[in-house]
Amino acid sequence: MRIGELAAIAGVTTRTVRHYHRIGLLPEPERQPNGYREYALRDAVELARVRRLTELGLSLDEVRDALADDAGKDLREILAELDADLARQQEAIRQRRARLAELLRRADTGGLPAEGPVSPELAAVFDDMARASATRPGPEPAMAAKERELLALLDSTAGAGHRTWLLAMMQALSTDEHAMARAYEIYARLDELADAAPDDPRVPELARTVADSMPQEVARSAAEAAAGTGDKDGGGFAEAFFADFPPAQAEVLRRATALLQERGAR
């Protein structure tokens with residue numbers, strides 16, 4: 001086949017094919033006696049693979065490395081890998097569409113949280129928080145809103161270890177009918193410490209209350225997450241986290257975290 005046919009099959013331009021030839025990304029066949037270059041099916045397969053890899057976000061240098069790793073593979077292996085790539089993308093698209101459908105459903109019913117989009121598990125926790133807040137007199141504690149922001153952040157950025165801890169806490173909040181009511185009592189008490197000093201006598205007691213409100217599964221997951229990072233204090237993220245709270249509140253949370261990790265390690 002000629003270069004135009006090759007480009008059409010792979011869904012690129014002839015200019016792109018020539019550029020790949022120039023940078024050595026795609027082998028350039030010898031010219032035939034008639035002056036034209038003749039391309040084979042393997043050329044089309046390799047060009048399609050280059051396109052797929054670039055669409056996945058790889059740079060041309062990264063594509064070159066990936067193709068080098070494929071050296072020596074027969075045509076069927078390459079085709080099978082292309083098919084597997086497409087299958088993975090298809091599944092990823094299916095999952096994203098299912099998630100978007102859920103978010104649209106929540107938006108239509110007024111249930112999309114301001115901190116969203118978040119995972120279905122966390123969205124359920126936020127629903128429970130809204131119901132708990134509605135049963136309390138007066139405005140919602142400021143600490144509750146801050147908790148939602150933090151949970152939304154962790155929901156989208158937490159690594160595997162911290163994700164386990166987060167899921168354990170979300171499960172605890174959703175399965176214990178009294179857990180959310182206790183959480184709102186703690187939020188209110190933390191609000192009372194907004195202008196207090198870190199050595200306020202209420203700090204140690206509230207730290208123990210916060211730690212005791214978490215089930216053993218959460219304590220164990222928190223200890224495992226800390227052990228997995230090799231940093232008991234949580235590193236830079238923990239420093240930024242505690243710095244975002246007034247001194248007394250930060251001291252409560254710091255002490256409660258330490259108590260949780262100690263209990264989980266036992």
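Helices (H or I, at least four residues) and strands (E, at least two) are DSSP runs, numbered from the N terminus. By this assignment the protein chain holds 13 helices and 0 strands. From the N terminus on, its elements run α-α-α-α-α-α-α-α-α-α-α-α-α. The model is predicted: local features need pLDDT of at least 70, side-chain atom pairs count only at pLDDT 80 or more, and totals for chains, interfaces and linings use all residues. Residues are numbered from 1 along each chain as its sequence is written, and side-chain values use heavy atoms, with hydrogens and water left out.

Confidence is given as pLDDT, the predictor's confidence in each residue, from 0 to 100. The protein chain averages 81. A pLDDT of at least 70 is reached by 83% of the residues. Confidence is highest in helix 10 (residues 202–212), at a mean of 94. It is lowest in helix 11 (residues 216–229), at 63. Over residues 229–234, pLDDT stays under 50. For that stretch the model has 5 contacts (heavy atoms within 4.5 Å) beyond four places in sequence.

Of the 266 residues of the protein chain, 36% count as buried. The accessible surface comes to about 15,600 Å². Carbon and sulfur atoms account for 53% of that surface. Areas come from the Shrake-Rupley method with a 1.4 Å probe; for residues, only the protein chains shown count as cover. Among contacts between residues at least 6 apart in sequence, 65% join residues at least 24 apart.

Helix 9 has 14 residues, which should span 20 Å at 1.5 Å a residue. The expected span is 1.5 Å times one less than the number of residues. The end C-alpha atoms of helix 9 are 20 Å apart, which agrees. Buried residues in helix 9 are Ala179, Met180, Ala183, Tyr184, Ile186, Tyr187, Ala188 and Leu190.

A search of the whole structure finds 1 aromatic pair. Tyr184 and Tyr187 form this pair, in an edge-to-face arrangement, 5.1 Å centre to centre with 80° between the planes. Rings of Phe, Tyr and Trp (its six-membered ring) pair if their centres lie within 6.5 Å; planes under 30 degrees apart count as stacked, over 60 as edge-to-face and the rest as tilted. Tyr184 and Tyr187 are separated by about one helical turn, because they are 3 residues apart in helix 9 (residues 179–192). Tyr184 has a relative accessible area of 1%, so it is buried. Tyr187 is buried too, at 6%.

Two charged side chains were examined over rings. A charge sits over a ring if NZ of Lys or CZ of Arg is within 6 Å of the ring centre and within 35 degrees of the ring normal. The charged end of Arg2 sits over the ring of Tyr36, 4.0 Å from its centre. That of Lys146 sits over the ring of Phe245, 5.1 Å from the ring centre.

Leu253 counts as buried, at 13% relative accessibility. Leu253 and Leu206 are 47 residues apart in sequence but 9.0 Å apart in space, C-alpha to C-alpha.

Arg52 lies in helix 3 (residues 41–55). Its relative accessible area is 16%, so Arg52 is buried.

Note on methods. Buried means under 20% relative accessible area, exposed over 50%, partly exposed in between (1.4 Å probe, protein chains only).
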